[in-house]
Amino acid sequence: MNTNPPNDLIIVGAGAAGLTAALGLAQSGWSLTLIGRADLKATARTVALFDGSLKLLQNLHVLERLRPDFAALETMRIVDDTGSLFRTPPVDFRASEIGLDVFGENIENRHLVAHLSDAVRAEKRITWIESQVVSAAYDEHAAHVTLEDGTQCSAKLVISAEGRKSLLRKAAGIETRHWSYPQVAMTALLLHDRPHREISTEFHTRQGPFTLVPLPSSDKGPNRSSLVWMMDPIEARRRERLDDEKLAVEMTRQSHHMLGKLRLEGPRSAFEMSGLVAQKFAQNRIALIGDAAHGFPPIGAQGLNLGMRDIAHLVDSLNGAQDPGAADVLARYDTARRTDVRSRVAGVDLLNRSLLAGALPVDFLRGAGLLALANIRPLKRMVMREGVMPRGPVPRLMQA
Ligand SMILES: Cc1cc2nc3c(=O)[nH]c(=O)nc-3n(C[C@H](O)[C@H](O)[C@H](O)COP(=O)(O)OP(=O)(O)OC[C@H]3O[C@@H](n4cnc5c(N)ncnc54)[C@H](O)[C@@H]3O)c2cc1C
């Protein structure tokens with residue numbers, strides 16, 4: 001068994017959040033250990049990254065690496081496909097309405113993680129141990145983690161970027177609020193006949209959104225999009241049994257043939273929908289970032305963008321600290337994240353439940369809300385800005 005000398009910082013989890021945090025903290029002067037294995041498997045998952053996340057990646061000098069795999073999102077279209085009595089016409093939100101060229105960029109998860117991994121490997125202040133943490137303990141002065149081969153590492157602060165099932169969070173006794181939805185999200189990468197014209201379209205159905213998001217052309221075809229289709233679990237089980245051709249017919253029908261015929265480019269995935277929020281984002285010698293701190297259904301592309309804001313605020317909170325795990329430093333981070341995280345979690349939950357409710361008064365309120373957004377320009381601009389970046393102090397790494 002090896003026992004390493006205490007570090008200042010350990011990050012556990014080499015997903016998008018852990019890798020980005022490692023870059024952000026290393027480039028702010030911290031030497032750190034990253035523990036985890038990057039998942040580079042081809043999956044049917046993409047992430048839309050908004051303006052603030054793109055500025056963060058630019059400030060970390062990784063944006064140019066990512067560009068070839070990006071597809072721009074200039075317009076976000078919401079189509080009420082609930083069949084409700086109070087159905088409103090489609091509403092387009094254009095980036096130019098809030099002075100942006102694009103709201104953001106969509107990228108396959110595996111490309112994002114691969115490019116971030118390359119950047120991490122090139123960073124001298126990061127020691128990357130490709131292993132798994134199997135247990136953790138905390139005392140007044142340090143956090144201690146044990147790896148699968150028995151190696152032990154200690155640090156003044158451990159940062160959990162391990163996703164929703166965070167072992168470090170549980171070992172620290174941080175409680176979470178956890179809930180589930182009667183929905184499954186089916187995801188796939190699609191080829192189609194007509195170009196997407198940089199428009200992301202969210203069809204709001206009674207079982208949840210059916211969302212098509214632009215992807216760049218590739219050797220597979222010139223017209224590509226990713227799909228997140230939320231549906232009732234019984235429907236999901238039926239569709240999982242369909243062959244690709246039959247499933248593509250149902251997808252094309254649900255898309256109202258907007259992009260012509262849809263075809264599956266590769267395997268599909270399915271995710272049961274749930275929500276989670278930690279009661280605290282930091283306490284004695286541990287800070288939570290990304291899905292270890294919060295998780296919710298993929299509506300409005302908020303998940304990783306919120307995680308990126310965790311990272312930018314954590315870098316600011318640790319700035320100049322003698323002891324990065326000191327109580328006042330962690331209290332600063334916890335306070336900085338409360339409003340943003342709680343308002344996103346509540347907003348996504350409300351929208352999702354309003355679709356599932358199917359009650360006339362709820363339909364009326366949702367329809368009236370969309371109609372107001374379509375017709376009251378200052379309100380529309382405010383909601384768009386809030387979707388891209390919340391009001392309040394902008395962390396240093398998200399400034400231009
Ligand atoms: C269908 C779908 C679509 C989405 N679309 C968007 C979108 O468009 N925009 C957006 O912003 N967000 C989106 N999200 C959310 C986004 O994907 C997540 O917020 C993001 O992937 C979370 O990244 P993370 O690094 O925090 O966690 P994860 O990706 O879960 O990574 C955690 C990592 O930690 C590792 N790990 C776990 N435990 C340990 C351990 N004990 N030791 C070492 N390593 C460990 C895991 O193996 C993994 O590599 C979407 C989510 C879904 C499901």
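1. Strand E5 (residues 75-80) pairs with strand E13 (residues 199-205) in the parallel sense, over six bridges. Strands here are DSSP runs of type E with at least two residues, helices are runs of type H or I with at least four, and both are numbered from the N terminus. Two strands count as paired if DSSP finds at least two bridges between them. Within this pairing, Val-79 stands opposite Phe-203 in E13. E5 is also joined to strand E6 (residues 91-94), by four bridges in the antiparallel sense, and Ile-78 stands opposite Val-91 there.

2. The model is predicted: local features need pLDDT of at least 70, side-chain atom pairs count only at pLDDT 80 or more, and totals for chains, interfaces and linings use all residues. Residues are numbered from 1 along each chain as its sequence is written.

3. Why is E5 described as largely enclosed by the rest of the structure? Five of its six residues are buried. Buried means that 20 or more other C-beta atoms lie within 10 Å of the residue's own; exposed means 12 or fewer, partly exposed is in between, and C-beta atoms are placed from the backbone.

4. The largest nonpolar core has 106 residues, of which Ile-10, Ala-22, Val-158, Ala-287 and Ile-289 touch the most other members. Such a core is a set of buried Ala, Val, Leu, Ile, Met, Phe, Trp, Tyr and Cys residues joined through C-beta atoms within 7 Å. In soluble globular proteins, nonpolar side chains tend to be buried together. Leaving aside residues up to four places away in sequence, Ala-287 touches Leu-157, Ile-159, Phe-281, Ala-282, Leu-314, Leu-330 and Tyr-333. Contact requires C-beta atoms, placed from the backbone, within 7 Å.

5. The ligand has 32 residues around it, and Gly-13, Gly-15, Gly-163, Gly-290 and Gly-303 come nearest. The elements giving two or more residues to this shell are helix H1 (16-27), strand E3 (46-50), strand E12 (176-192) and helix H8 (303-318). A residue is near the molecule if its C-beta atom, placed from the backbone, lies within 6 Å of it. H8 gives the largest share, four residues.

6. By class, the shell around the ligand holds 16 nonpolar, 12 polar and four charged residues. Ala, Val, Leu, Ile, Met, Phe, Trp, Tyr, Cys and Pro count as nonpolar, Asp, Glu, Lys and Arg as charged, and the others, Gly among them, as polar.

7. H8 is mostly covered, with 16 of its 16 residues buried. From first to last C-alpha H8 reaches 23 Å, close to the 22 Å expected at 1.5 Å a residue; the expected span is 1.5 Å times one less than the number of residues. Just after H8, Gly-320 takes a positive phi of about 80°.

8. Arg-285 has a positive phi of about 70° and lies in the loop between strand E18 (282-283) and strand E19 (286-288). Arg-285 is buried because 27 other C-beta atoms lie within 10 Å. His-257 has a phi near 60°, in the loop between helix H7 (244-254) and strand E16 (262-264). His-257 has 13 other C-beta atoms within 10 Å, so it is partly exposed.

9. Asp-328, in helix H9 (residues 327-357), is exposed because it has 9 other C-beta atoms within 10 Å. Asp-328 and Ser-317 are 11 residues apart in sequence and 9.4 Å apart in space, C-alpha to C-alpha.

Definitions and conventions: Contact = placed C-beta atoms within 7 Å.
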